[in-house]
Amino acid sequence: RAAGLGPKTTRRLGGQLVESLTVNYNFRAQKDDDVTIKVLYCGICHTDLYTIKNEWGTAMYPVVPGHEILGVVTSVGSGVSKFKAGDTVGVGYFVGSCRSCECCGNGYENYCSGMVLTSNGIDPEHGGAVTQGGFSDVMLVNEDYVVRVPDGLPLDKAAPLLCAGVTVYSPMMRFGLNAPGKHLGVVGLGGLGHVAVKFGKAFGMRVTVISTSPGKREEALERLGADEFLVSRDAEQMQAAVGTMDGILDTVSAWHPISPLFALMKPMGQMVFVGGPTKPLELPAYAIVPGGKGIAGNCVGGIRDCQAMLEFAAKHGITAEVEVIKMDYVNTALERLAKNDVRYRFVIDVAGSLGSTS
């Protein structure tokens with residue numbers, strides 16, 4: 001199956017030279033519990049960029065990125081009971097787990113030590129093969145790691161929900177940051193942050209966007225429906241908001257000062273980090289101890305949460321703001337993503353890039 005980033009080129013991404021090329025590979029044979037999916041759309045996540053640049057030191061080249069995958073089932077194995085040919089489905093951050101640990105038993109496969117990443121992962125059930133992601137025309141996935149896409153969601157705008165959407169939805173449910181009338185802070189107005197605003201408002205919350213960029217005020221308030229906008233570099237604005245928030249989702253993937261953010265929360269407020277800065281963040285104990293404030297991280301969500309998130313999104317008309325591109329634009333899109341030059345998620349029209357119709 002054809003997959004990859006296009007014709008062989010060498011580009012500089014964030015100061016590193018990265019070679020991209022077209023990769024052809026053959027899938028394993030479809031097993032009884034497998035679903036074969038024709039990929040229609042695939043979002044580009046910041047994690048893809050980190051992996052391509054090997055910023056986490058885990059890249060196994062050649063990498064075929066992509067874990068925000070929307071497509072249609074073309075065939076199923078004889079033991080598949082959840083899906084049939086013609087179903088519209090999605091695949092997110094992982095395509096396997098151990099199935100026997102406490103996390104898997106409680107619906108948190110995303111925290112299983114044996115989680116198999118959709119892209120650049122090791123699949124022990126299939127000979128230790130390296131997994132290849134959604135920058136591809138076809139995916140072959142066990143039915144237990146596939147989700148059903150409800151009717152009414154536009155597929156291009158729904159693709160980023162498979163990662164960005166569940167990454168913010170899951171901790172909001174887990175930590176009670178979904179109650180009407182509560183005050184939620186969202187740090188960063190990017191691929192994750194803009195979806196968090198939409199979910200927060202759908203839950204009936206008061207939502208404040210916290211950003212270093214004053215120019216995003218109008219976007220946050222008028223287009224996305226946030227209630228307030230706070231410039232984190234403005235000491236006066238920050239001081240006026242001290243102790244007003246029940247919880248904060250920090251979606252920023254670059255290093256940033258976090259102590260001032262904790263001051264914005266009420267006593268026993270909850271801070272959840274969902275971004276992945278490559279440099280350590282600094283947290284003095286005094287920022288959390290006096291007010292009994294909590295700190296947690298969140299990595300995407302389990303299959304149960306992902307399905308619930310899609311159904312909630314369909315009910316409330318929640319989608320990502322996207323820029324749809326063809327596969328031959330991916331290299332440029334990655335360069336722009338490295339500069340945060342996208343509002344707010346690139347989505348590849350995979351089927352359209354191959355000359356087929358969805």
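## Pockets, a sheet and a helix pair

By class, the second largest pocket is lined by twelve nonpolar, nine polar and seven charged residues. Please keep in mind that this is a predicted model. The space in this pocket comes to about 490 Å³. Of the 28 residues in its lining, Arg28, Asp123, His126, Thr131 and Leu140 lie nearest the centre. Strands S6 (94–96), S9 (129–130) and S10 (138–142) each supply at least two lining residues, and S10 gives the largest share, with four.

A search of the whole structure turns up two cavities of 30 Å³ or more. The largest cavity has a volume of about 80 Å³.

| Space | Volume | Lining residues | Lining by class |
|---|---|---|---|
| Second largest pocket | about 490 Å³ | 28 residues | twelve nonpolar, nine polar, seven charged |

Helix H9 also takes part in a helix pair. Helix H4 (residues 164–174) and H9 pack at an angle of about 100°, and their axes are 9 Å apart. H4 and H9 are therefore roughly perpendicular to each other. On the H4 side, the contact is made by Gly165, Val166, Tyr169 and Ser170, while H9 brings in Asp305, Cys306, Ala308, Met309 and Phe312. Sorted by class, the residues of this contact are six nonpolar, two polar and one charged.

Six strands form an open sheet in the order S14-S13-S12-S15-S16-S17, with parallel pairing. S14 (228–231) and S17 (294–297) are the edge strands with a single partner each, so one side of each has no neighbour in the sheet. On average, neighbouring strands are turned by 20° against each other, direction ignored. Within the sheet, S12 (residues 183–187) and S15 (residues 245–250) run parallel and are joined by four bridges. Gly185 stands opposite Ile248 in S15. H4 packs on this sheet as well, touching S12, S15, S16 (265–273) and S17. The direction of H4 makes about 150° with that of S15.

Notes. Residues numbered from 1 in each chain as written. Predicted model: local features only at pLDDT ≥ 70, side-chain atom pairs only at ≥ 80, totals over all residues. Heavy atoms only, no water. 1 Å grid on protein atoms, 1.4 Å probe; cavity = no way out; pocket = protein on both sides within 12 Å on 5 of 7 lines; lining within 4 Å. Points joined across faces, edges and corners; volume = space filled by probe spheres on them. Axes fitted to C-alpha atoms, helices over the stretch in contact; angles between N-to-C directions. Parallel < 35°, antiparallel > 145°, perpendicular 65-115°, else oblique. Contact = heavy atoms within 4.5 Å. Nonpolar A, V, L, I, M, F, W, Y, C, P; charged D, E, K, R; others polar. Pairing = 2+ DSSP bridges.
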